[in-house]
Amino acid sequence: MDGQLIWEGIRLGLLLSLLVGPILVGIVQAGVEQGFRAGLSVGVGVWISDILFISLVYWGFHLVDPLVQTDAFTFWGAVAGGGVLFGYGVYALLTPPPPFGDQLMLQRNRPFKALWLKGFLINTINPFTVFFWTSIMAGVVVKRELTPLASLQFFAGVMAMIVFTDALKALLARQIRARIRPVHLFWLRRIVGVAFIIFGLGMLWRAW
């Protein structure tokens, strides 16, 4: 086992987890509104999406790399991602937050499939995701000619840190929930809606 590769992966995962973007907003929103399991459900969707992207660019790098370099992919990827984020932002602005107080137990017992899907889609439709993993594959795995085992150790370090930090974000969001009132959830949802609209418009602007 190459401890240096694992450590490099952990550092990269930490750097990625510190980025402020739709994923952070989604996890914190779900954690504050519905508790730790809800925030974690969003995180699980993100993790599965990342693992699928890592597998895709690893096994099909020579096909994926030329594709993501094309103007068409950049444009339509940004349009699709920006449109989805903008739409979710509008939805968040127009809908009330989940029930609070007496109905908290009901919320905790509800299925979290929708939240899992939310995390999966937020990460998957973001062109940055495939650009990021393709760049890492080119700059680390291909450039250094890592073996499959070495590549596995590196990406295991990355994903371990991402899982840990996302779970920590969901846990901290639950702690915030214990100290707020329904009116705070109302304004949180409005802030989240505006944030997603800004992310979406920013992505559409880059496409234009």
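This is a predicted model: local features need pLDDT of at least 70, side-chain atom pairs count only at pLDDT 80 or more; totals for chains, interfaces and linings use all residues.
**Exercise 1. Helix H8**

Work out what length helix H8 (residues 127–142) should span, and compare that with its end C-alpha atoms.

*Solution.* Start with the count: H8 has 16 residues. The expected span is 1.5 Å times one less than that number. Next, look at burial along the helix. The buried residues of H8 include Phe132, Trp133, Ile136 and Met137. Pro127 and Val141 are also among them.

**Exercise 2. Glycine 89**

Decide whether glycine 89 is buried or exposed, and find its contacts beyond four places in sequence.

*Solution.* Buried means under 20% relative accessible area. Glycine 89 has 0% relative accessibility, so it counts as buried. Now leave aside neighbours within four places in sequence. Glycine 89 then contacts Gly193, Phe196 and Ile197. Take isoleucine 197: it is 108 residues away along the chain, yet the two C-alpha atoms are separated by 4.8 Å.

**Exercise 3. The largest pocket**

Describe the largest pocket by volume, lining and residue classes.

*Solution.* Its volume is about 470 Å³. The lining of the largest pocket has 26 residues, with Leu19, Pro22, Ile23, Asn126 and Phe128 nearest the centre. Elements giving two or more residues to this lining include helix H1 (3–17), H8 and helix H9 (148–177). H10 gives the most, with five residues. Finally, sort the lining by class: 15 nonpolar, seven polar and four charged.

Notes. Residues are numbered from 1 along each chain as its sequence is written. Side-chain values use heavy atoms; hydrogens and water are left out. Helices (H or I, at least four residues) and strands (E, at least two) are DSSP runs, numbered from the N terminus. Buried means under 20% relative accessible area, exposed over 50%, partly exposed in between (1.4 Å probe, protein chains only). On a 1 Å grid over the protein atoms alone, a cavity is a set of points where a 1.4 Å probe fits but cannot get out, and a pocket is an open set with protein on both sides within 12 Å along at least five of seven lines; lining residues have an atom within 4 Å of a point. Grid points are joined across faces, edges and corners, and a volume is the space filled by probe spheres set on the points. Ala, Val, Leu, Ile, Met, Phe, Trp, Tyr, Cys and Pro count as nonpolar, Asp, Glu, Lys and Arg as charged, and the others, Gly among them, as polar. Contact means heavy atoms within 4.5 Å.
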